[in-house]
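Welcome, and take a moment to look over the model shown here. The report begins with one residue and then widens out to the whole chain.

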Amino acid sequence: MAIKFQYNKTSLQQLNKQLQIRQRALPTLKKYREGMHLWTEFPDDMVKVSNVTMTYRKIAGVSTPELDRVEFEVSPFLVFNQPKWFSEGISILKELASLLIEREVFLEKMELLDYARRKTTQKVNLYEKVQIPGYEEAIRKIKRFLEDEENLSKSAQKIVKSRQQKQKEAA
């Protein structure tokens, strides 16, 4: 399949986006094939996933995947040469494949959210146990220093004032 593109930045961005979508979907599609071995009544190439469309939605600031739709390609077959349940079996096979793909997307989503939760927990612990107490201690030290400076200044003013009064009384 030839990919149509233009030599410009917009085309480059669109191609990068499509590449990322396909790279993310590839492991899911491979696991789909592993799960399909359960259905030995059907030829391996009877039902194929032709396209997986995913969207990304932010949850708590984390971009998470969501399965939009799964498109299938069903190989042609003669209804008369197959058992009665064969057509319904294909629809069940499609449902199973969709569920397997959806499961993989949810597992990826769960991993992303769990990673974000761990990072947030680390940041909360850093703030609560290290940085906030450090800032509070620094503020406390600065306030004490300024209070001491102010007290020394007032004491010095009182000493100067009392000396001036003694000089006035002596004069």
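Leaving aside residues up to four places away in sequence, Arg69 touches Asn51, Val52 and Thr53; a contact here means heavy atoms within 4.5 Å. You will find Arg69 in strand E2, which covers residues 62-74. With a relative accessible area of 45%, Arg69 is partly exposed. That label sits between buried (under 20% relative accessible area) and exposed (over 50%), using a 1.4 Å probe and protein chains only. Met46 lies 23 residues from Arg69 along the chain, and the C-alpha atoms of the two are separated by 19 Å.

A word on the source: this is a predicted model, in which local features need pLDDT of at least 70 and side-chain atom pairs count only at pLDDT 80 or more, while totals for chains, interfaces and linings use all residues. Residues are numbered from 1 along each chain as its sequence is written, and side-chain values use heavy atoms, with hydrogens and water left out.

**The chain as a whole**

The protein chain has two helices and two strands, and from the N terminus on they follow the order α-β-β-α. Helices (H or I, at least four residues) and strands (E, at least two) are DSSP runs, numbered from the N terminus.

How does the radius of gyration of the protein chain stand against that of a compact globule of 171 residues? The chain has 36 Å, whereas such a globule would have a value near 16 Å. The radius is taken over C-alpha atoms, and the globule rule is 2.2 Å times the number of residues to the power 0.38. Along the principal axes, the C-alpha atoms fill a box of roughly 130 × 40 × 20 Å.

Of the 171 residues in the protein chain, 16% are buried. The accessible surface comes to about 14300 Å², and carbon and sulfur atoms account for 55% of that; such areas come from the Shrake-Rupley method with a 1.4 Å probe, and for residues only the protein chains shown count as cover. Among contacts between residues at least 6 apart in sequence, 60% join residues at least 24 apart.

**Charges and salt bridges**

The protein chain carries 31 positive and 23 negative charges, whose mean positions are 9 Å apart. Lys and Arg count as positive and Asp and Glu as negative, without His and the chain ends. Each charge is placed at NZ of Lys, CZ of Arg, CG of Asp or CD of Glu.

A salt bridge is a side-chain nitrogen of Lys or Arg within 4 Å of a carboxyl oxygen of Asp or Glu. By this rule the count comes to eight salt bridges, including those in the table.

| Salt bridge | N to O distance |
|---|---|
| Arg57 and Glu66 | 3.3 Å |
| Arg140 and Glu137 | 2.9 Å |
| Lys154 and Glu150 | 3.3 Å |

Arg140 and Glu137 are three residues apart in helix H2 (residues 86-170), so about one helical turn separates them. Arg140 is partly exposed at 37% relative accessible area, and Glu137 is partly exposed at 30%.

In Arg57 and Glu66, both partners are partly exposed: Arg57 has a relative accessible area of 45%, and Glu66 has 22%.

Lys154 and Glu150 are four residues apart in helix H2, so about one helical turn lies between them. Glu150 is partly exposed at 44% relative accessibility, and Lys154 is partly exposed at 43%. Elsewhere, salt bridges that share partners join Arg57, Glu66 and Lys109 into one network.
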